[in-house]
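Have a go at each task before you read its solution.

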Amino acid sequence: MNPTETHLKLDPDEVGIQDAESLLHAIQSDVRYHEAIHGCLNCGVCSGSCPSHRFFDYSPRIVVQTLLSGDAEAVKGMMDEYIWACAQCYTCAMRCPLHNSPGGLVMIMREVAVWRGMEAVHRLLKPYGRVLLKVLSIGNQLTPDMIQPDFFPDWGPKIPWSSTDLAIKRQAIPVYTLQVTNSAWRVSPETSYELYTIYEETGVFRLIEQIDPNLYEVVADMVEELRESVEEARAR
Amino acid sequence: MPTELKTTGWDFVTTKVDKRAIQHQNPEDPREHLKELEEKGEVTVIHMTEENRPITVETLLGRSKRIPTNKLWHHKSCGQCGNIPGYPTSIMWFMNRLGLEYLDETHQTSCTAWNYHGSGTSNLVALAAVAVRNWHRAYETGYYPLIHCGTSFGNYKEIRNLLVEHQELRDEVRRIMNKVGRDLVIPEEIVHYSEWLHVLRKEVAAMKIYDVSHVVATVHPACHVWKMIPEDVIYDGSIYGGERPAPTTAILLELGAQVRDYSTWYDCCGFGFRHILTEREFSRSFSLERKIKVMVEEAQSDVAITQDTGCTTTLDKNQWIGKAHGYDYELPVMADVQFAALLAGADPYKVAQLQWHTAGWEKLLDKIGIDWRTSKQQYESYLEELKAGKAPDQLYPLPMV
């Protein structure tokens with residue numbers, strides 16, 4: 001690979017291409033790659049302070065070593081399940097004596113895994129539908145009406161209180177923008193309109209269409225409806 | 001060793017391993033490059049003005065950072081607003097008490113980085129465009145962006161650095177911004193609310209009406225606040241000997257609380273982005289084993305004090321389930337600004353909004369001497385009034401519609 005050949009974002013036309021060499025090339029040509037990897041002394045400082053290393057079969061040192069080895073099959077093997085254990089805390093990046101960012105490398109690998117439609121991604125993202133719907137439609141990721149006892153039974157007996165009479169309890173927060181239930185704050189239609197343009201121009205909508213067509217159908221309807229209403233308002 | 005192997009081995013070391021020299025070089029200061037880009041007319045920089053009343057502090061490498069204190073645009077956090085509403089409310093309550101000007105409005109999205117770190121369903125250009133759209137919105141209002149969320153703060157600093165380093169990224173983001181009627185702007189500093197609280201800690205502590213010299217607090221610093229772009233983080237020689245970040249600990253000391261150390265101070269909370277939603281056994285095991293248990297057993301902590309969204313949620317929400325394994329700690333968890341607001345007389349229900357927290361906090365308030373029972377009664381009456389159609393109270397005048 002030509003080390004100067006880099007890309008800002010992945011090509012949506014390459015969805016489904018999963019041969020190992022092509023995946024490795026997509027990772028190594030990411031514009032951030034060479035800033036996240038400078039070599040490795042195998043010192044293990046990253047793994048020694050990694051929260052996921054403590055609980056899973058996961059080691060940031062192995063992520064770095066495998067990428068440096070250039071073993072495309074081994075890299076592909078990690079993208080299926082291994083790298084999804086990373087908690088994205090960036091303790092590894094702060095502590096690495098060579099200024100590597102194993103957490104940053106994991107993000108590049110996750111992005112490639114998603115954009116190439118790898119099998120594990122469909123399973124891993126399935127429980128993520130509600131968050132994706134919110135982030136795609138209003139640019140919020142957690143909203144008050146998502147905190148329901150059915151979804152968070154392990155959060156204890158106070159959760160049912162949080163979801164009862166929610167609209168009134170949200171009104172009792174003395175901040176105008178927060179007095180809503182289906183969004184973390186009121187998001188203006190103009191803002192969502194601009195967000196949709198960003199998602200369209202950066203390939204995010206197209207990506208969602210590829211990996212979750214059902215979700216995309218719901219999002220596409222919302223986008224169309226909002227665009228019509230904003231354009232009507234502008235015309236007035 | 002054969003000569004050939006020696007040669008190839010050395011090549012390997014020099015090309016792939018021996019970049020150790022970089023550890024002796026400080027990372028470049030992106031603000032210097034930003035200034036050059038501005039001089040060339042490549043980008044518009046959002047500068048602080050006198051109206052922002054900036055205060056200068058020192059960061060990890062001895063660099064200066066200016067923290068604006070007035071005329072601020074609230075870049076809210078979806079996790080805070082969604083499930084810890086007393087967090088942003090306390091920030092705005094203090095700004096009212098201090099007579100500071102601010103703007104809280106609806107033309108903001110989140111940074112979308114929680115979803116990105118959790119699912120990978122975004123990309124660098126999309127993240128950068130979302131950041132710049134929010135920055136530009138602040139810029140056109142004339143208010144300086146104040147970032148509430150730790151992940152937004154870390155993410156925006158990374159985006160700022162990447163925009164400065166890569167012309168192709170700037171060009172692509174500018175193209176998209178032009179499509180939405182905006183332009184490429186970059187703030188001169190990315191500023192987290194904990195930094196704002198830090199530089200105003202003396203003014204905030206002067207409002208204190210409760211003594212907390214008998215209260216033991218443990219601090220959980222947020223990873224994305226101090227581990228991402230660490231050279232930008234505020235350090236102070238008088239806090240932990242200058243070896244750990246100063247914000248949050250410094251305000252607690254100023255308020256007169258006992259801040260106790262514990263052996264897992266450096267660990268993350270266990271949030272994990274995707275883990276808090278889909279690998280919850282990790283989040284609760286880590287938060288209990290590595291944080292809550294240690295804070296209570298080693299430090300005999302009365303309260304865990306946080307400075308970010310995900311940490312507050314993870315440490316607070318995962319305590320109840322621990323009872324199944326004999327962990328019965330009930331350690332109150334709240335942000336530094338909520339704790340400070342309580343000590344300055346803020347209502348625990350109406351302002352600090354502690355009713356949304358799951359770990360019991362009532363014993364802590366009893367220990368401090370805050371009458372939460374009366375507040376609870378008033379809050380319940382207020383809910384009835386709202387149900388009957390009363391217009392809700394607001395911290396600031398409603399926008400003109």
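## Exercise 1: a pair of helices

α6(B) passes α8(B) in a right-handed crossing, where right-handed means that the near helix is turned clockwise from the far one by less than a right angle, and left-handed that it is turned anticlockwise. Before we start: this is a predicted model, in which local features need pLDDT of at least 70 and side-chain atom pairs count only at pLDDT 80 or more, while totals for chains, interfaces and linings use all residues. Residues are numbered from 1 along each chain as its sequence is written, and chains are lettered from A and ligands numbered from 1 in the order in which they are written.

Task: find the angle at which the axes of α6(B) and α8(B) cross, and the residues that make the contact.

Step 1. Locate helix α6 (residues 124-141) and helix α8 (residues 167-179) of chain B. Helices are DSSP runs of H or I with at least four residues, strands are runs of E with at least two, and both are numbered from the N terminus.

Step 2. The two axes come within 10 Å and cross at roughly 60°. Axes are lines fitted to C-alpha atoms, for helices over the stretch in contact, and angles run from 0 to 180 degrees between N-to-C directions. α6(B) is therefore oblique to α8(B); under 35 degrees counts as roughly parallel, over 145 as roughly antiparallel, 65 to 115 as roughly perpendicular and the rest as oblique.

Step 3. From α6(B), the contact uses L124(B), V125(B), A128(B), A129(B), V132(B), R133(B) and H136(B); from α8(B), it uses L169(B), E172(B), V173(B), I176(B) and M177(B). Contact means C-beta atoms, placed from the backbone, within 7 Å.

Step 4. Sorted by class, there are 9 nonpolar, 1 polar and 2 charged residues. Ala, Val, Leu, Ile, Met, Phe, Trp, Tyr, Cys and Pro count as nonpolar, Asp, Glu, Lys and Arg as charged, and the others, Gly among them, as polar.

## Exercise 2: where the chains meet

Task: work out how many residues each chain gives to the contact, and which element of chain A gives the most.

Step 1. Chain A contributes 74 residues and chain B 80 residues.

Step 2. On the side of chain A, the elements giving two or more residues include α8 (102-115), α10 (129-137) and α13 (189-201). α13(A) gives the most, with 8 residues.

Step 3. That side of chain A has 44 nonpolar, 19 polar and 11 charged residues.

## Exercise 3: domains

Step 1. Chain A has domain 1 (12-117) and domain 2 (127-228), with bounds from an automatic or database domain assignment.

Step 2. Chain B is divided into domain 1 (36-193) and domain 2 (209-382).

Terms used:
Two residues are in contact if their C-beta atoms, placed from the backbone, lie within 7 Å.
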